[in-house]
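Please examine the sequence and the model together before turning to the points below.

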Amino acid sequence: MTTVTPPDSALPGAPLSGGAGCYWLESPRGDAPPPQALRGDQTADVVIIGGGFTGLSAALHLSESFPERRILLLEAARIGYGASGQNSGLLLPFINGAEEIVQDLLRAGREGDARHVYQETSAGIGIIEDLIAEHGLDCEWERVDAMRTALTARHERQLEREREMYAALGVEAEWVPRAALRPRVDPAKYRGALRIKSRAMVHPGKLAREVRALVQARGVQIHEESPVLEIVPGATVTVRTPAGSVRAPALVLATNAYTGQLGMFRRRILPVHCYCIATE
């Protein structure tokens, strides 16, 4: 195995302030502790690269299962930066492609398998809800309905097929005609919407902040503003940052779309963009 060095574009000098102009990241910032960059050479049992939900979840579950282990997390910008803190704040079922799989299973008469796929790809909502309830996390959690709107007759037919799918799965979903929709969502061009239960909203910036406090209380060491410059693999991995290094026998790579900037999987990552509007 060879040393992994990020390309020059990923080294310090690239913007790391993270979240400027993003409501989710800016609104809880006043409660966040000042960043503590990694300094000096350290050792750990596990080093985690990435302070989004994947890295925080890894830190949480590892610290629960192995409380005696020293776990150190490195974040190039601030905790929750990237897709974890800059998203729609919606918790929805399915993962990419799963909805089509469920519809194919239903058409094949395999209702049990279809329900299993839906339950497995929806389980994360309940896991997050239980975590918030168990620890009293302050992150504006709310169970809500989702509205999928129709602009054309073709959209209406598509949403009717989705309504039938949800009915077969035992999930409450109903068609909302234009007249009933307008008091809630006013654009005149909407012909109606499919209202679907069992969804949720959360403030992702606050959720990241709360889970951060949870893992730190369990002894996890967090260093922000510590971009990784080099990963030297081996029986003991060495991870270098601008002002320090960490040696550990285990590494968790929790960098999502930024993995290519570490020199890995550059041709295996597809960017997907999400747009949302925050209103009063």
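Contact here means heavy atoms within 4.5 Å. The model is predicted: local features need pLDDT of at least 70, side-chain atom pairs count only at pLDDT 80 or more, and totals for chains, interfaces and linings use all residues. Residues are numbered from 1 along each chain as its sequence is written, and side-chain values use heavy atoms, with hydrogens and water left out.

**Strand 4**

- L90 is placed in strand 4 (residues 90–91); strands (E, at least two residues) and helices (H or I, at least four) are DSSP runs numbered from the N terminus.
- Leaving aside neighbours within four places in sequence, L90 is in contact with A200 and M201.
- L90 and V202 are 112 residues apart in sequence, yet 6.6 Å apart in space, C-alpha to C-alpha.
- With a relative accessible area of 42%, L90 is partly exposed; buried means under 20%, exposed over 50% and partly exposed in between (1.4 Å probe, protein chains only).

**Aromatic cluster**

- F94, Y118 and Y166 form one aromatic cluster; rings of Phe, Tyr and Trp (its six-membered ring) pair if their centres lie within 6.5 Å, and planes under 30 degrees apart count as stacked, over 60 as edge-to-face and the rest as tilted.
- The structure holds 4 aromatic pairs.
- One of them joins F94 and Y118, whose ring centres are 5.4 Å apart with planes at 75°, so this pair is edge-to-face.
- F94 lies in the loop between strand 4 and helix 3 (98–107) and Y118 in helix 4, so the pair ties together parts 24 residues apart in sequence.
- F94 and Y166 form a tilted pair, 6.5 Å centre to centre with 45° between the planes.
- F94 counts as buried at 10% relative accessibility, and Y166 counts as buried at 3%.

**Helix packing**

- Helix 4 (residues 111–135) and helix 5 (residues 153–169) pack at an angle of about 95°, with their axes 9 Å apart; axes are lines fitted to C-alpha atoms, for helices over the stretch in contact, and angles run from 0 to 180 degrees between N-to-C directions.
- The two helices are therefore roughly perpendicular to each other, a term for angles of 65 to 115 degrees (under 35 is roughly parallel, over 145 roughly antiparallel and the rest oblique).
- E111, A114, R115 and Y118 of helix 4 meet Y166, A168 and L169 of helix 5 in this contact.
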